[in-house]
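The entries below follow the order in which I looked things up.

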Amino acid sequence: TLRECCHDALALPRLREVLERLRAGILSVKSVDTVIPSPFTYPLLLAWDWAYLDAGHAEERRSDAVPMLRAWPGSASGLLDPRVVEAVEAELQAKTPERRARDANELAVLLEELGELEDAELAERVTGELQDFLETLRQDRRIGQIELPGGRRAWINANDAELYATLAGEPLERVILRRLSRSGPTTLAALSARYGIPEATLAPVLQRLESRGLIRSGHFTSDDPAPQYFHRAVLEEVQRRQLKLRRRTTSLVSAEEFQAFLFRWQHCHPDHRLVGPEGLLKAIESLQGEDFPVAFWEQELIPARLEAYEPAWLDHLGLTGQLVWFPFEPGHPGRLGMALRENLAWLRPRGVAEPELDEPWKAVLRHLQLRGASFVQELCRSTGLEAPEVLGTLWQLLWLGLVTTDTFQAIREGRSRKGSAHEARRRIPTLGLPERRPSRREARRRARERLTRLTDASGAGTRLPGRWSVLVADEALPPEKVEEEWARLLLERYGILSRELAQGRDWPALRRALTRMEYAGEVLRGYFVEGLSGEQYALAEAVNQLAAAPRHEPVTRLSLCDPATLWGSIMPLCRPDGSRLTVSRIPQHVLLLRGGTPRLLAEGYGRDLTPLARFDSQDLPALIAALQELLRRPPAQRPVRRIEVQRWDGRPIRESEAAEALRAAGFYSDGPRFLWDGYPGPGTVR
């Protein structure tokens with residue numbers, strides 16, 4: 001609670017930094033007298049989060065909130081719930097039974113608060129004999145009847161006679177503002193029809209009220225192109241009630257239930273996997289912004305979410321301009337991320353200084369900047385470099401996040417070239433590693449490897465797929481927009497978002513974006529998953545699916561590096577005796593689960609098998625079959641050529657309870673280990 005109050009809501013570390021800079025004289029201070037508090041102090045005075053803890057704004061603070069909101073930039077409200085708007089308007093218009101006038105005195109007060117009302121409108125707001133009340137007030141000269149410019153006859157409080165005498169200038173502003181303060185969103189045409197005043201006369205009045213922060217314009221309850229006008233205080237009340245309604249009590253699910261939901265949400269469940277190029281694009285859409293080893297994409301992430309994946313689909317998405325790949329954290333050769341090209345404006349990291357480049361690198365980069373996307377052969381002719389030098393330069397520029405290629409086949413070819421990642425890792429200038437002069441033998445070996453793929457500078461007979469291009473920096477988006485887009489991406493990935501699931505991003509900034517989205521009705525706030533932080537945001541669709549019981553829960557195999565796996569990072573892994581199990585999140589470590597419950601940890605793709613807290617020996621055949629699925633894929637999508645099991649819970653595998661189950665699954669023994677390569681085995685090797 002202290003952390004959420006001091007770091008998330010108050011941003012105390014940032015405040016301390018500002019105070020230190022003030023004390024050191026780096027920041028200057030200037031005093032300014034203002035009529036209302038500044039936007040900086042507005043949240044402090046209203047104690048938004050830390051004083052009432054989900055209870056919303058207290059009624060007694062409403063009078064302070066309305067004037068201060070004039071200086072506070074309004075959040076996007078989105079379409080409001082018509083039921084809530086109708087309920088609030090009914091109370092403000094005294095249409096509910098408990099707010100109707102019960103005698104003549106209450107009717108006089110009602111006219112003073114609501115303004116002009118016709119007979120039919122009064123009948124909706126009075127309990128008792130309306131004509132008797134009107135006659136009593138008329139004889140006492142407390143009310144009167146007027147005729148508006150449009151021909152409407154209405155009753156008003158006697159104190160408002162001067163106000164309605166001339167509906168122009170300031171009196172018109174007061175009448176319009178009172179009307180809006182007691183009603184829901186209203187259009188300019190509706191106000192013009194009610195008062196019989198031309199729209200051209202009313203429009204400047206509404207603009208002045210909006211510029212003073214008293215009303216807001218927008219589309220609140222419909223997609224009608226005509227804007228609606230809403231009093232700020234009424235809008236706040238509707239939003240408060242909507243939030244209270246959305247923060248309804250929901251069923252709290254366990255970490256295991258959330259993990260099972262996540263398998264379905266990210267299409268890792270066998271019954272929910274995607275198909276075809278469209279499914280591939282949908283799968284990658286939620287994985288944007290994260291770097292993974294190049295091979296990990298096609299050996300783990302994509303096959304876990306797609307049925308019968310074909311590598312040509314990924315090349316097609318690149319060639320059609322829908323996908324682009326580059327490192328989101330430059331300087332780590334061998335790791336790439338993917339992004340939809342339309343999202344580069346906010347996904348691509350900014351503010352990174354361009355490193356010092358060698359002359360060949362500058363020549364290649366300059367050609368791509370001036371000529372656009374080019375083949376390797378074109379770069380060779382333009383720069384005068386040999387094809388091996390051009391390819392090596394392109395790869396080093398790729399790891400720096402400066403260039404990309406339009407087909408993933410080029411990435412595959414580069415990954416298969418021995419030494420390519422090693423050379424880039426050694427030569428990237430941002431790493432500051434010393435240049436090591438290769439030996440003659442090593443130089444000759446590298447030359448032979450290049451010549452097997454590159455026959456000459458012209459490119460005849462070479463394997464150089466695709467074109468290369470510079471990653472163009474789009475116009476930077478405002479920080480608030482960037483955080484809002486990141487919040488949407490993480491919600492699309494997990495369905496539910498909390499501090500632990502924010503992937504190390506600035507949580508206070510994210511929660512500000514999430515709060516705006518909550519007011520806009522895009523997300524729900526509550527406590528949905530046990531074990532995560534108390535402040536959680538969710539998509540309505542995810543909440544509806546969270547506790548849904550699947551038809552069956554098969555054994556699922558996922559790498560610990562897969563974002564769909566929470567265990568081992570956010571949720572702790574435990575042994576059968578209850579002790580914590582610490583394991584590195586690397587691609588070679590695999591988790592076998594039934595539903596959302598971890599049953600078996602396979603380190604090194606099965607080299608070391610460790611039963612977990614909910615392990616059941618009856619599940620062992622299904623767990624082994626899920627592990628064998630690694631070698632039932634096409635050869636290019638297999639992370640290993642064979643599965644080699646050496647230990648079970650730290651003991652030799654041949655002495656464990658799993659030995660017989662492995663033999664029954666087709667594994668054959670080779671000394672102290674069990675092996676399986678996906679083919680009929682040679683039998684037991686003694």
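**A strand pair and its sheet**

I began with Leu-558, and found that its bridge partner is Leu-591 in strand 17. The model is a predicted one, in which local features need pLDDT of at least 70 and side-chain atom pairs count only at pLDDT 80 or more, while totals for chains, interfaces and linings use all residues. Residues are numbered from 1 along each chain as its sequence is written, and side-chain values use heavy atoms, with hydrogens and water left out.

I then noted that strand 14 and strand 17 (residues 590-594) pair in the antiparallel sense over five bridges; strands here are DSSP runs of E with at least two residues, helices are runs of H or I with at least four, and both are numbered from the N terminus. Two strands count as paired if DSSP finds at least two bridges between them.

I placed both in an open sheet of six strands, ordered 14-17-18-19-21-22, with mixed pairing. Its edge strands, each pairing on one side only, are strand 14 (555-559) and strand 22 (651-652).

**Helix 5**

I listed Val-84, Val-85, Val-88, Ala-90 and Leu-92 as buried in helix 5 (residues 82-92), where buried means under 20% relative accessible area, exposed over 50%, and partly exposed in between, with a 1.4 Å probe and protein chains only. After helix 5 comes Ala-94, whose phi is positive, near 60 degrees.

**His-267**

I found His-267 in the loop between helix 14 (255-265) and helix 15 (276-285). His-267 counts as buried because its relative accessibility is 18%.
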